[in-house]
Amino acid sequence: MNLASRDIRHNLGRFALTTLGIGTLLMIVMGMGGIYRGLIFEATMLVDEVGADLWIVQRATRGPFAEISRVPQTMVDRVAAVPGVEQARQFVYHTVQRERDGKPLRMAVLGLDWPVDKGAWLPLVAGRALAQNHFEMIADRVLKLPLGERLRLGKETYTVVGLTQGMTDTSGNGFAFFTVQDAQAVQFDRPGEAIRLERAAREARTGTVDIGKTQPALLERAGGPAAGIPVLPPREISAVIARVAPGADDSAIVSTLSGWADVTVYRREAENDLLLLGVVEKARRQLGLFRVLLTIVSGIIMALILYTLTLDKLHDIALLKLIGAPNRTILGLILQQALAMGALGYGIAYLLGLRLFPLFPRRVVLTSDDLVQLAVVVGGISVLASLLGIWKALRVQPNVALMG
Amino acid sequence: MFAHPAIETTVLTKVYGSGHTEVVAMRDATLCVEPGQCAALIGPSGAGKSTFLTAVGLINPPTAGQIRIAGQLVMDGPRALTDPRRFRRQHIGYVTQKANLVGFLTARENVELAMRLNGVSASPARRRALELLDYLGVRERADGYPPELSGGEQQRVAIARALANRPGVVLADEPTAALDGHRGRQVMELFQKVAHEQGAGIIVVTHDQRALDVFDVIYEMEDGVIRRGSARAAEAALAGASDGGSGST
């Protein structure tokens, strides 16, 4: 006769409510683990998806995800010329915040090196890759921009032609993919008045120096568009990404690129490490710590619940001893209830999580390993939590049953 | 007729506390109940009857003295010479003063549990549980939980549980306190029947004067000391007891 199931059957409402409470708590533990994994996934996802073997960034910087990195656009040609490099692409990355329908719209802008890169590698869930050099964008679903949506950014209007799912940066902002040229236009967009004032200031500065005073054509050019002034540099890009040709010695390429005084080169693994150790490390550790604390709290709460349930049954336990029930029967009663509570709580946590986690603003990744690990931990907690109740139950004397 | 008495106690003594707070609840209590014998233990409140019964039931060990069940020395002073719980499960049926049923089990399951703990398989245990409940007139309440039963019904279920394993010894502490006169007498007759048919040794602590005639032997207990009495003497003793209490400590 299974006493644990009989007790649960008799106190079904209380058991169900208690298990639901534990399940909700475990769902939070599960969610924290999922957010922890999600953070790692988001941090490394782009680097993995882009598929670049090497990242060439501004000298002594940690790359575009960690800090501002600026390299000239011509860098892509220099890198492409290195023996063993199969392909080099421009990479532009920055974050912008605009307003849409009265709500802030924050997105991670990523420039695709048109026409080499039209975004064919992106995990599109709707629409298509970019088909022209301008005025098209691919947005992640998290940005809530529908297909065909026309979005005004700076002085231009861009049409959403494709949608991705789950492409977010380390802060959870959805990615918006443009051509490099459009990404730069968004990045370096300045109001007309600012441009006019800058041109006027440039003209005034040129007018104060001898060359400006003596060459009116130069003075006139100084007040014109920046693109028409050869001494002014073109817009810069964030990095150059390169793919190593099959069979090529990437160490030799890295050695060559490392010899250049204006750039630093990272392999894909190093770029991932920079993201994990630099950008998300503190958040990752904090989440990990919080997860451990929540697990401990869950254990304590379960122990207190099981202890209280045991206290409620002390008379019955004393009576069981009076009629000769061995300790293993009493131990089984408490332990089986604890395990049932843990198992059902875990199941509730999983089912609730499946429904609720997709609604979270940040990505929640439940891996099989984590789920198995948590199941083992919950089993351990259930056993440990029942120890207090078992200790109390084993101490109660059968004559307690005679006290009425 | 029998090789050994069902219950044999020798100079059982129970002392609570020490020094100024010392209370002697039972003094040199010596008693012998043969198999097939149904004995009543009577006496005023505080006489030590329940202390004696719990000692024989291996629940509350005596300070000194010996207890033999079916010839086996099970208690030598406060020292148990067997696993008390296992021995109780296998050989002793215990009926407490207040009906003590496991709250989360139905009446049938309460009776069945005693047998299942003793290794009886589910089907025969269930069958016997229903037979016992039927015999005690609570068959129709077999699926009721203790709080749904009246005090008398609970007590009858507790008696059924005590008899479930056909124990060699039955100890009952005021088993008919919650029953009406007719049902109380029925229960006492049941104990007598169990004693005679199963050869069990039974001790019943009782105040019920109407049923004393069913007992084979009557013991009186006063101030922790047991004396062998008679039904007539017992009736006189009970009539003289002015407190009218349960008689159990």
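This note goes through the predicted model point by point, from conventions to backbone details.

1. Conventions. The model is predicted, with local features requiring pLDDT of at least 70 and side-chain atom pairs counted only at pLDDT 80 or more, while totals for chains, interfaces and linings use all residues. Residues are numbered from 1 along each chain as its sequence is written, chains are lettered from A and ligands numbered from 1 in the order in which they are written, and side-chain values use heavy atoms, leaving out hydrogens and water.

2. Chain A overall. Chain A has 13 helices and ten strands (DSSP runs numbered from the N terminus: H or I of at least four residues for helices, E of at least two for strands). Its radius of gyration is 32 Å, well over the 22 Å that the globule rule gives for 404 residues, so chain A is more spread out than a compact globule. The radius is taken over C-alpha atoms, and the rule is 2.2 Å times the number of residues to the power 0.38. The C-alpha trace of chain A spans about 115 × 50 × 40 Å along its principal axes. Of the 404 residues in chain A, 46% are buried; buried means under 20% relative accessible area, exposed over 50%, and partly exposed in between, with a 1.4 Å probe and protein chains only.

3. Helix pair in chain A. Helices α12 (residues 327–356) and α13 (residues 368–395) of chain A have axes that come within 8 Å and cross at roughly 145°. Axes here are lines fitted to C-alpha atoms, for helices over the stretch in contact, and angles run from 0 to 180 degrees between N-to-C directions. The crossing of α12(A) and α13(A) is right-handed (near helix turned clockwise from the far one by less than a right angle; left-handed if anticlockwise). The contact of α12(A) with α13(A) has 17 nonpolar, six polar and no charged residues. In this classification Ala, Val, Leu, Ile, Met, Phe, Trp, Tyr, Cys and Pro are nonpolar, Asp, Glu, Lys and Arg are charged, and the others, Gly among them, are polar.

4. A contact across the sequence. L46(A) lies in helix α2 (residues 12–50) of chain A and is buried, at 2% relative accessible area. L46(A) and T170(A) are 124 residues apart in sequence, yet their C-alpha atoms are 9.6 Å apart.

5. Salt bridges. The whole structure has 24 salt bridges over all chains (a side-chain nitrogen of Lys or Arg within 4 Å of a carboxyl oxygen of Asp or Glu). In chain A, R128(A) pairs with E136(A), with the closest N and O atoms 2.7 Å apart; R128(A) is partly exposed at 36%, whereas E136(A) is buried at 7%. In chain B, E112(B) and R108(B) form a bridge with closest N and O atoms 2.4 Å apart. Both residues of that pair are buried, and they lie four residues apart in helix α3 (residues 107–117) of chain B, about one turn of the helix. An α-helix has 3.6 residues a turn, so residues three or four places apart point the same way. E222(B) and R227(B) also form a bridge, at 3.8 Å from N to O. Salt bridges that share partners join R6(A), R9(A) and E109(B) into one network.

6. Cysteines. There are zero disulfides over all chains, a disulfide being a pair of cysteine sulfur atoms within 2.5 Å. The sulfur of C32(B) has its closest cysteine sulfur in C38(B), 15 Å away, which is too far for a bond. C32(B) is partly exposed at 26%, and C38(B) is buried at 0%.

7. Enclosed helix in chain B. Eight of the eight residues of helix α1 (residues 49–56) of chain B are buried, so the helix is largely enclosed by the rest of the structure. L58(B), which follows α1(B), has a positive phi near 60°.

8. Backbone exceptions. Most residues other than glycine have a negative phi, and most peptide bonds are trans. The bond joining W114(A) and P115(A) is cis, with omega about 0°; P115(A) lies in the loop between β3 (103–112) and β4 (124–127) of chain A. D28(B), in strand β2 (residues 23–33) of chain B, has a positive phi of about 50° and is partly exposed at 44%. E174(B) likewise has a positive phi of about 50°; E174(B) lies in the loop between β8 (169–173) and α6 (181–198) of chain B and is buried at 5%.
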